[in-house]
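Open your viewer and get ready to pick out residues as we go.

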Amino acid sequence: MRWIDYVAKVVERYPDDPAVICHGEQLTYAHLWEAVGKESLRLRDIEHIQEGQCYVQTCTQDIAYVVRFLALHLIGARCDILYTTGSTGKPKAVLLSDEGMIANGENLINAMGFHHGLTFVICGPLDHFGPWSKMLPVFMTGGTLHILDGLKDMDALFDALRPSTFANVEAKSATFLVPSAIRMLLQFSRERLAKLVDCIEFIETGAAPMATSDMQQLREVLPNTRLYNTYASTETGIVCTYPYHLTQSILQGCVGPAMKHSEVSIGPDGEICVSGPILMAGYLNEDADGHFQLEPVGKSFQTSDLGYLDEEGRLFLTGRSSEFINIGGLKLSPVEVEDAAMGFTGILDCLCIPVSHPVMGQVPKLLIVLQEGVTLNKKEIARYLIEKLTETWKVPINYEVVEEIRKMPNGKKNRKSYIM
Amino acid sequence: MKEKIRILLEDQLPLVDLDSETLYQELDSLGVTTILMTLSDEFGILLDSRDATPKNLRSLDSLVALVERKLAEKQ
């Protein structure tokens, strides 16, 4: 049974229930399926997409994306391709398998209780695994996916989280929020959040470490809401989750036990290894002719995250062995910023490092060695970098002129000496 | 006050054109949060997400008006 077959069954069972909401538009499962059918014909006949073909779909935060996503699955195209931050500064294409989608969907359904009638609010970008993966359990159970354009418009978020009524039943809501978004809500919307005390069934967080104090505060504001801290990545899938509403004291760094379709082990250097059907199919490498070659994942995936398992089998995260900067759940390779900055006239050398931020956790800072006679113009450099990096969250907020960038004996930049 | 706010925000949001009359459109959620944090810290005023409206965040002048209103409410 393919993942799309689960969706087809839901359509048959709940044709008149709302499937997806975005920008004030709403489609029932029957209407969604009709649009999916039309789109699959168009993709086959006009774009000549075939079963088994790898197809990179541009992500748009709207219903059209959902329709195309389901239509590609109906055709049997291999369209579940997400790009992750590569350590070299170049994004890597990750291909997910159909088996992995079912396993990840079931992991979320079993662990958090996705069900028919639940409205799940997506506030993060759908081209990132955290928000994207929620389409799986929602459409497998007959829930409603409510897509928002980020968290800039807080009124839209609170409207979406309020219960809606269909089939004379009051539908509760749930959402996925990165720790920085939760901190933002606690800081600037605590009272509004508290008014939703009986409306939000659960909130999942992940993608970045969450402070125990924030977890505690969220529990106090929403005492009737189930709260989960999840460990997942594009490569591994949804691995573990820690229901921190259940335990008396909150365990710092805990992400809970492995889920139904996941296995976790710790390598000799303390690195977390994940196995099971949730894993990606592999990395897709594009050759010179634009053809994709699959580099299969193997039976186990080494994550670059460090941690340990306690006697109850719960995973605890202790750090990361890679150099990524985690900006409110979005991972940035500092090399990508440095490569871009080196093209700016007057910069002789540079180093991008993380600095702490009260809401986002970390933000990038750029240390710069300037040519003699050149002065720092932060605005000009930032504007140059946005042209190269294209996404604002990647552009450093802080800049500092230094005499030189410290190097190791092998000539590489001594990044660690700046991150203590 | 306007120049003080400009200097504070220019430092925190180097990509944003603070002279724009469509400032809200230029901001993402981090930008909105940064403005709320910076102004509440600097002026000792209470701001919440209801204040982050397109009207209040339309321009530097509308930010000044927001701060003045909150300061007056404080007294």
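Start by selecting A:Lys260 and A:Glu106, whose side chains meet in a salt bridge at 3.9 Å, N to O. A salt bridge here is a side-chain nitrogen of Lys or Arg within 4 Å of a carboxyl oxygen of Asp or Glu. A:Lys260 sits in the loop between β13 (254–257) and β14 (263–266) of chain A, and A:Glu106 in helix α4 (residues 98–112) of chain A, so the pair ties together parts that are 154 residues apart in sequence. Helices (H or I, at least four residues) and strands (E, at least two) are DSSP runs, numbered from the N terminus.

Before moving on, two notes on what you are looking at. This is a predicted model, in which local features need pLDDT of at least 70 and side-chain atom pairs count only at pLDDT 80 or more, while totals for chains, interfaces and linings use all residues. Residues are numbered from 1 along each chain as its sequence is written, chains are lettered from A and ligands numbered from 1 in the order in which they are written, and side-chain values use heavy atoms, leaving out hydrogens and water.

Now colour the pair by accessibility. A:Lys260 counts as exposed, at 58% relative accessibility, and A:Glu106 as partly exposed, at 21%. The cut-offs are under 20% relative accessible area for buried, over 50% for exposed, and partly exposed in between (1.4 Å probe, protein chains only).

Next, select A:Asp155 and A:Arg192, which form a salt bridge at 2.7 Å, N to O. A:Asp155 belongs to helix α7 (residues 154–161) of chain A and A:Arg192 to helix α9 (residues 190–194) of chain A, so this pair ties together parts that are 37 residues apart in sequence. A:Asp155 is partly exposed at 37% relative accessibility, whereas A:Arg192 is buried, with a relative accessible area of 11%.

Then go to A:Arg415 and A:Glu338, a salt bridge with the closest N and O atoms 2.6 Å apart. A:Arg415 lies in the segment after β24 (398–401) of chain A and A:Glu338 in helix α11 (residues 334–341) of chain A, so parts 77 residues apart in sequence are tied together. A:Arg415 is buried at 7% relative accessibility, and A:Glu338 is buried at 4%. Over all chains, a search of the whole structure finds 28 salt bridges.

**The two domains of chain A**

Colour chain A by domain: domain 1 (3–320) and domain 2 (325–418), with bounds from an automatic or database domain assignment. Their centres, taken over C-alpha atoms, are 31 Å apart. Where they meet, 14 residues of domain 1 are in contact with 13 residues of domain 2, contact meaning heavy atoms within 4.5 Å. How many salt bridges are there between domain 1 and domain 2 of chain A? The count is zero.

**The nonpolar core**

Select A:Trp3, A:Leu32, A:Leu70, A:Trp132 and A:Phe139, the residues with the most contacts inside the largest nonpolar core, which has 152 residues. Such a core is a set of buried Ala, Val, Leu, Ile, Met, Phe, Trp, Tyr and Cys residues joined through side-chain atoms within 4.5 Å. Helix α3 (residues 63–75) of chain A gives the largest share of this core, nine residues. Both domain 1 (3–320) and domain 2 (325–418) of chain A contribute residues, so the core lies between them. Zoom in on A:Trp3, and you will find that the residues it touches include A:Phe69, A:Leu70, A:Met101 and A:Phe139. A second, separate core of seven residues includes A:Leu351, A:Leu367, A:Ile405 and A:Tyr418.

**Where chain B meets chain A**

Finally, show both chains: 22 residues of chain B are in contact with 24 residues of chain A. The area buried between them is about 2,000 Å², with carbon and sulfur atoms giving 60%; buried area is the accessible area (1.4 Å probe) that two parts lose on being put together, summed over both. Highlight B:Pro14, B:Leu15 and B:Leu30, which supply 30% of the area that chain B buries against chain A, more than any other three residues. There are two salt bridges between the chains. To end the tour, select B:Glu10 and A:Lys379, which form a salt bridge with the closest N and O atoms 3.7 Å apart.

Notes. Lists of a residue's contacts leave out its neighbours within four places in sequence.
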